[in-house]
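Student: Could you walk me through the charged side chains of this model? I am new to it, so please go step by step.

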Amino acid sequence: MAGYISGDTRKVTTHRLIEMKQRGEKISMLTSYDYTTAQIVDGAGIDVILVGDSASNVMAGNVTTLPITLDQMIYHGKSVVRGVKRALVVIDMPFGTYQTSDFEAVTNAINIMKITHCDALKLEGGEEIIDAVKKIIAAGIPIMGHLGLMPQSINKYGTYTVRAKDDEEAEKLIRDAHLLEEAGCFGLVLEKIPAELAKRVADELTIPVIGIGAGGGVDGQVLVVSDMLGMSNGFSPRFLRRYANLHTIMTDAIQQYVKDVKDSDFPNVNEQY
Ligand code: KIV
């Protein structure tokens, strides 16, 4: 079902995402971290695949996104790109690779692009990182912004609760969103903010705004693939809709395999050489 609305199998580009916003076609986005999952997600017709630094939690079992390294993101990014034919592939620049200096930011961004062959990068932050964003874009690399709950700043917030509920933070978020658009970002992720605020940002910007926990008034939605497939049991924020219960399906299948091995039922005569 590649190209959900139109049957269009052409590669998704940043330009085509902006056209989708203009004609009111919602943009679908999911994370992937490995070749096999990326093949399935792409084949099912998703528009954008994010190699999120949530790989730190989902793939490596870390409590936060902070520990994942540039080399690890490059490894995940390369694996995903090999599995994708149509979707736009965006890779998160991990914590510490774009905040120290603009030179470091551009050097690291170029390395990710050169080695992974992905289409674009995503950075968390607004005014504080705007010079780095401009320099990376000037090097010819498309950038997606990320505002609202920014997991790389979890130690500053101290909690994963909804962001920008007060006027001061909401006003800063709106200012930052405009700064990112003016800097040349092709899109923006808004994470865990009030739906009304997210809709206002999406209405004010010409670039697509993709929400996660930001309501339905934005231009598209993103979820972590393992969460929406129900692979993890413990994580159930209000914004998460589960489309499958892979935890149960996989557990049942593995329990059956264990039983078959123990009972000498597997392999049978047709499953050997
Ligand atoms: O890393 C990630 O998965 C993300 C999404 C939650 C947007 O940044």
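This is a predicted model: local features need pLDDT of at least 70, side-chain atom pairs count only at pLDDT 80 or more; totals for chains, interfaces and linings use all residues.

Student: Which side chain does the side chain of Arg163 make a polar contact with?

Tutor: Arg163 sits in the loop between helix 7 (154–157) and helix 8; helices are DSSP runs of H or I with at least four residues, numbered from the N terminus. A polar contact is a pair of N or O atoms within 3.5 Å; within protein, one must be able to donate a hydrogen and the other to accept it, and residues adjacent in sequence count only if both atoms are side-chain atoms. At 3.1 Å, the partner is the side chain of Glu169.

Student: Is Asp176 buried or exposed?

Tutor: Asp176 forms a salt bridge with Lys172, their closest N and O atoms being 2.7 Å apart; such a bridge needs a side-chain nitrogen of Lys or Arg within 4 Å of a carboxyl oxygen of Asp or Glu. Both residues lie in helix 8, four residues apart, about one turn of the helix. Lys172 is partly exposed at 26% relative accessibility. For Asp176 the value is 5%, so Asp176 counts as buried.

Student: Which residue is linked with Lys172 and Asp176 in a network of salt bridges?

Tutor: Side chains of opposite charge can pair when their charged atoms come close. Here the network joins Lys172 and Asp176 with Glu128.

Student: How far apart are the closest N and O atoms of Arg200 and Glu204?

Tutor: Arg200 and Glu204 both lie in helix 9, four residues apart, about one turn of the helix. Arg200 is partly exposed at 45%, and Glu204 is partly exposed at 33%. They form a salt bridge, with the closest N and O atoms at 2.8 Å.

Student: Which residue meets Lys199 in a salt bridge?

Tutor: Lys199 is partly exposed, with a relative accessible area of 40%. The N to O distance is 2.7 Å, and the partner is Asp203.

Terms used. Residues are numbered from 1 along each chain as its sequence is written. Side-chain values use heavy atoms; hydrogens and water are left out. Helices (H or I, at least four residues) and strands (E, at least two) are DSSP runs, numbered from the N terminus. Buried means under 20% relative accessible area, exposed over 50%, partly exposed in between (1.4 Å probe, protein chains only).
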